[in-house]
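Welcome! Here is a short tour for anyone meeting this structure for the first time. Have a look at the sequence and the model, and then read on.

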Amino acid sequence: MGRRSLAAERRQQVMEAASRCLARHGMAGTTLEKIAEESGLSRSHIRHYVGNRDDLLLALVEWVQERDDRAFAAAVEQAPPESRLAVAMDLLFGPWFLSGDDEGALILELLRAGQSDETLREAVMSGYRLMLGAIDAGLAAEFPDSTPAHRRSTAYGLLCLAMGNAMISELDRRLASGGLIRVAGEALVARFGAVTHGEAPAPRD
């Protein structure tokens, strides 16, 4: 029997080490040498399993998306239609979305890197589009008479609320986890429902 390939295991090892380095040392301080030291692998192993620094950053974005953005979208889309919005709200405004350990710093560094790298920026935005699509699907299931434009703007507002709260949790987790953001999210959904049912004026385009 041939020896089992360790590629997936080693790649996971590199991604975990790279995420810690990026969160703690920033983009400028994250080198292949530091990642190698953090992972316990050699620099040549890093290049073999992931590639150069640019390849590694793109792989890191995709790794984070698989763990977070795609997991979010899958959880919402796999729920029964009548539960999709509730699942999305629980994820957006519950413990799942709050940053843990170095997570917030990692996301900020990837966002900053995307400002000057078009390929990286598109990769980051593709993950957010996945989540927006899932939130939109939840709103559509709950409010089938709503318009696509109004759903899209409301989905965007809900995502921005959750992201902003996650960033605040890096400074004051007690405030961010105190339930205030859930109230704000539910108010936005209530307003969306009132407009959809003709009980409130529609927002301006």
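## Helix 2 and its buried side

Let us begin with helix 2, which covers residues 32–39 of this predicted model. Its buried residues are Leu32, Ile35, Ala36 and Ser39. They lie on the same side of helix 2, because the arc they cover around the axis is only 100°.

What covers these buried residues? Helix 1 (7–29), helix 3 (43–49) and helix 4 are included in what covers the buried residues of helix 2. Just after helix 2 comes Gly40, with a positive phi of about 80°.

## Helix 9, inside and out

Helix 9 has 22 residues and spans 32 Å from its first C-alpha to its last, close to the 32 Å expected at 1.5 Å a residue. Buried in helix 9 are His150, Arg151, Thr154, Ala155, Leu158, Leu159, Ala162, Asn165, Ala166 and Ser169. These residues share the same side of helix 9, since they cover an arc of only 165° around the axis.

Which helices do the buried residues of helix 9 pack against? Their partners are helix 6 (84–92), helix 8, helix 10 (173–176) and helix 11 (180–196). On the face turned away from the buried side, helix 9 carries the exposed residues Ala149 and Tyr156.

## The largest pocket

Now for some open space: the largest pocket holds about 450 Å³. Its lining is made of 21 residues, and those nearest the centre of the pocket are Asp68, Asp69, Glu103, Ile107 and Tyr128. By type, the lining divides into 15 nonpolar, three polar and three charged residues.

Which helix gives the largest share of this lining? Helix 7 does, with five residues.

## The chain as a whole

Stepping back, the protein chain has eleven helices and zero strands. Its C-alpha trace spans about 65 × 45 × 30 Å along the principal axes.

Of the 205 residues in the protein chain, 41% count as buried.

Definitions and conventions
Residues are numbered from 1 along each chain as its sequence is written. This is a predicted model: local features need pLDDT of at least 70, side-chain atom pairs count only at pLDDT 80 or more; totals for chains, interfaces and linings use all residues. Side-chain values use heavy atoms; hydrogens and water are left out. On a 1 Å grid over the protein atoms alone, a cavity is a set of points where a 1.4 Å probe fits but cannot get out, and a pocket is an open set with protein on both sides within 12 Å along at least five of seven lines; lining residues have an atom within 4 Å of a point. Grid points are joined across faces, edges and corners, and a volume is the space filled by probe spheres set on the points. Helices (H or I, at least four residues) and strands (E, at least two) are DSSP runs, numbered from the N terminus. Ala, Val, Leu, Ile, Met, Phe, Trp, Tyr, Cys and Pro count as nonpolar, Asp, Glu, Lys and Arg as charged, and the others, Gly among them, as polar. The expected span of a helix is 1.5 Å times one less than its number of residues. Buried means under 20% relative accessible area, exposed over 50%, partly exposed in between (1.4 Å probe, protein chains only). The arc is that of the directions from the helix axis to the C-beta atoms. Contact means heavy atoms within 4.5 Å.
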